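Here is a briefing on a predicted model. Look at the sheet, the helices beside it and the nonpolar cores.

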Amino acid sequence: MVTMRDVAQRANVSIATVSFVINGTKPVAPETRARIEAAIEELDYRRNVVARALASSRTRILALLHPDFEARPNATVIQFVMSAAHGARERGYDLVLWPVNADEQMSHLLAGGLVDGALLMEVQIHDSRVDRLIASRLPFTLIGRTDNDDLPFVDIDFTTTMDQAVEHLRSFGHERIALIIQRTKAANEPGRIMRAEAAYLDTMAALGRPPVVLPVEGTSAGGREAARILHDDHPDTTAVILVNEGASAGLVKGTRALGRTVPDDLSIIMASTTRELGEMIEPSLTVMAAPAPQLGRLAADALIDQLEGVQDSPPHILIPCTLVPGQSVGPAPLRP
């Protein structure tokens, strides 16, 4: 096995200097760093994580805690995960995905000393996993929020996002606007769903318009169910805001199967998603693109700042989604 000593001999430097480069603990002259990195490449050196942890009491590994995926992870989740991983790597840390659904899984993480800190996704308003993290004293940052805004978090600004989505639809004459959210099997809904719904209800109340909220499965069948309910029970609805990526294609297909078209009969904005997913639907959907690339990196930075003692106060970062026009929003149809 190639050791750090072998790298030092090949680069003609001390073992300590090699350690500075590998662990990023002290600055090293550019030409010296280049020699060390070349030696690492030539010798195919791999860091011994266990030895490094024993020597420094740190692993430089972060865990991203996410519930076991009941279905294929959606596009926005992947953006969050990848951006957090890239952000961690740029600062010399590795990120591992750690599925967490039960207390036993949390116990394995907290008792093993395997990671220096954690990022928690799919945060619930009342989240027992957060209580466990606080009790363990393991540094963490939330991607999402609980009801305790004193904790470190980054999140989507759903209030601004929903205001902008509704205003965009109203600029086309829409006043009867429904919200379609994802129905989950969890005992507690993820905070992102509850905050999106609360923001929608606040916006509609301020406008004096009756709200319509439809929770459906995050599947094509769920989208078709939403189309049917709108058609049968809410025929005066002319526009919807969709916070349910998995139901997007089904909503458009279900609307078409009922003899209606998008956007002539029903306008659609899909919120908290990716512009790429909107472009995959026909017609292309107007989306409120989630700031996942920014928030994932900011979450990783916030956690690493805690670990390295460069943070003055817990971060409380809110970024709204960005409107990306497509072909799914048009003038409100005239109703008899």
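Helix α10 (residues 220-233) lies across β6, β7 and β8, at about 150° to β7. Angles run from 0 to 180 degrees between N-to-C directions, with axes fitted to C-alpha atoms, for helices over the stretch in contact. Helices (H or I, at least four residues) and strands (E, at least two) are DSSP runs, numbered from the N terminus.

The model is predicted: local features need pLDDT of at least 70, side-chain atom pairs count only at pLDDT 80 or more, and totals for chains, interfaces and linings use all residues. Residues are numbered from 1 along each chain as its sequence is written, and side-chain values use heavy atoms, without hydrogens and water.

**Sheet and helices**
- Helix α9 (residues 191-207) also lies across β6 (177-182), β7 and β8, running at about 170° to β6.
- The open sheet has six strands, ordered β7-β6-β8-β9-β10-β12, with mixed pairing.
- Strands pair if DSSP finds at least two bridges between them.
- β7 (213-216) and β12 (322-324) are the edge strands.
- From one strand to the next, the twist averages 20°.
- β8 (residues 239-243) and β9 (residues 267-273) pair in the parallel sense over four bridges.
- Ile 241 has Ile 269 in β9 as its bridge partner.

**Nonpolar cores**
- A nonpolar core joins buried (under 20% relative accessible area, 1.4 Å probe, protein chains only) Ala, Val, Leu, Ile, Met, Phe, Trp, Tyr and Cys residues through side-chain atoms within 4.5 Å.
- The largest has 42 residues; Leu 62, Met 162, Ile 241 and Val 243 touch the most other members.
- Helix α13 (residues 292-308) gives this core its largest share, six residues.
- Another core, of 24 residues, lies apart and includes Val 212 and Leu 230.

Technical notes
Buried means under 20% relative accessible area, exposed over 50%, partly exposed in between (1.4 Å probe, protein chains only). Contact means heavy atoms within 4.5 Å.
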